[in-house]
Amino acid sequence: MAVAKIRLFLEHPMGGGQTLPLTKEQAHYLFGVMRLAVGDRLPVFNGQDGEWLAEVAEAGKRAGTLVCLEQTAPLRLPPDLWLLFAPIKKERTDFITEKAAELGAARIVPVQTEFTNSGRVNRDRLQAHAVEAAEQCGGTHVPEVAELARLGDLLADWPEERQIMFCDEALTGGTLPAREVLAKAGRGPWAVLIGPEGGFSEAERARRPSSSDSSSAPIATATDTATRRSAAASPPGTCRKA
């Protein structure tokens, strides 16, 4: 039997014979938009149990159920890499979140800096974009999108074991490109911090942890592009599309 060319994220435990209830929105998408019917099959995942082939058991306008048949892929966890970035315009922040999820960030943290252009983010909307990115790129893990946090508070309580790449366009000429920084430091818990379009303040630079500095200017000038290229500059296996 043919398998539908769509993947669906469901927040429900998965295993052989497990019944998966659908929300009203999910039922509308599968049966109203994609025109699936009882007996049709599609891949599903929950970010914990890998990917499973599921079959439509009940199909209605407002509800429905799927049944797990067999596991088709194991859970593939990304390396321990966090992305910290200063939000910009709504659409570009959405884009950053999607690409970070596709490249394999384990956690996404919007940060409020002194020069951040956007002071508010909708965490639920960004988390939905991360889910959609995982559905489309074949990933079995969905990164957590954290609430907007002040950069000063994050740095004040920064875990010692996690190295941080401080991407600062003002440091052009005095630091190494991201790829060289990571190659010299080796693997381990990492975080990549991308500042706002206006750069970091002097007070923020003074408070940065004693980790590796990197100039973002040789990599890119726009914040969203810098995010993608900094992640892509990671050693093989650190950031990749699932």
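Helices (H or I, at least four residues) and strands (E, at least two) are DSSP runs, numbered from the N terminus. Welcome to a predicted model, in which local features need pLDDT of at least 70 and side-chain atom pairs count only at pLDDT 80 or more, while totals for chains, interfaces and linings use all residues. Residues are numbered from 1 along each chain as its sequence is written, and side-chain values use heavy atoms, with hydrogens and water left out.

- The largest pocket has a volume of about 260 Å³; a pocket here is an open set of points on a 1 Å grid over the protein atoms alone, where a 1.4 Å probe fits, with protein on both sides within 12 Å along at least five of seven lines.
- A volume is the space filled by probe spheres set on the points, which are joined across faces, edges and corners.
- Lining residues have an atom within 4 Å of a point; there are 13 of them in this pocket, and F9, L10, E11, Q26 and V131 are the closest to its centre.
- Five nonpolar, four polar and four charged residues make up the lining, where Ala, Val, Leu, Ile, Met, Phe, Trp, Tyr, Cys and Pro count as nonpolar, Asp, Glu, Lys and Arg as charged, and the others, Gly among them, as polar.
- Helix α3 also holds C137, whose C-alpha atom is separated by 9.4 Å from that of R7, 130 residues away along the chain.
- C137 has 11% relative accessibility and so counts as buried (under 20% relative accessible area, with exposed over 50% and partly exposed in between; 1.4 Å probe, protein chains only).

**Nonpolar cores**

- The largest nonpolar core has 23 residues, and L83, F85, I108, V142, V192 and I194 touch the most other members; such a core is a set of buried Ala, Val, Leu, Ile, Met, Phe, Trp, Tyr and Cys residues joined through side-chain atoms within 4.5 Å.
- At least two residues of this core come from each of β6 (81–85), α2 (90–103), α3 (123–137), β10 and β11.
- With five residues, α3 gives the most to this core.
- L10, A27, F31 and L36 are among the members of a second, separate core of 17 residues.

**Aromatic pairs**

- The whole structure holds three aromatic pairs, counted when the ring centres of Phe, Tyr or Trp (its six-membered ring) lie within 6.5 Å; planes under 30 degrees apart are stacked, over 60 edge-to-face and the rest tilted.
- F9 and F45 are edge-to-face, because their ring centres are 5.4 Å apart and their planes stand at 65 degrees.
- F9 belongs to strand β1 (residues 8–9) and F45 to strand β3 (residues 41–45), so this pair ties together parts 36 residues apart in sequence.
- F9 is buried at 14% relative accessibility, and F45 is buried at 0%.
- F166 and F200 form a tilted pair, 4.4 Å centre to centre with 35 degrees between the planes.
- F166 lies in strand β10 (residues 163–167) and F200 in the loop between β11 (190–194) and α6 (202–206), 34 residues apart; both residues are buried.

**Charges over W82**

- The charged end of R162 sits over the ring of W82, 3.7 Å from its centre; the criterion is NZ of Lys or CZ of Arg within 6 Å of the ring centre and within 35 degrees of the ring normal.
- R107 also lies over the face of W82, at 5.0 Å from the ring centre.

**A positive phi**

- R35, a residue other than glycine, has a positive phi near 60 degrees.
- R35 is placed in the loop between α1 (24–33) and β3, and at 64% relative accessibility R35 counts as exposed.
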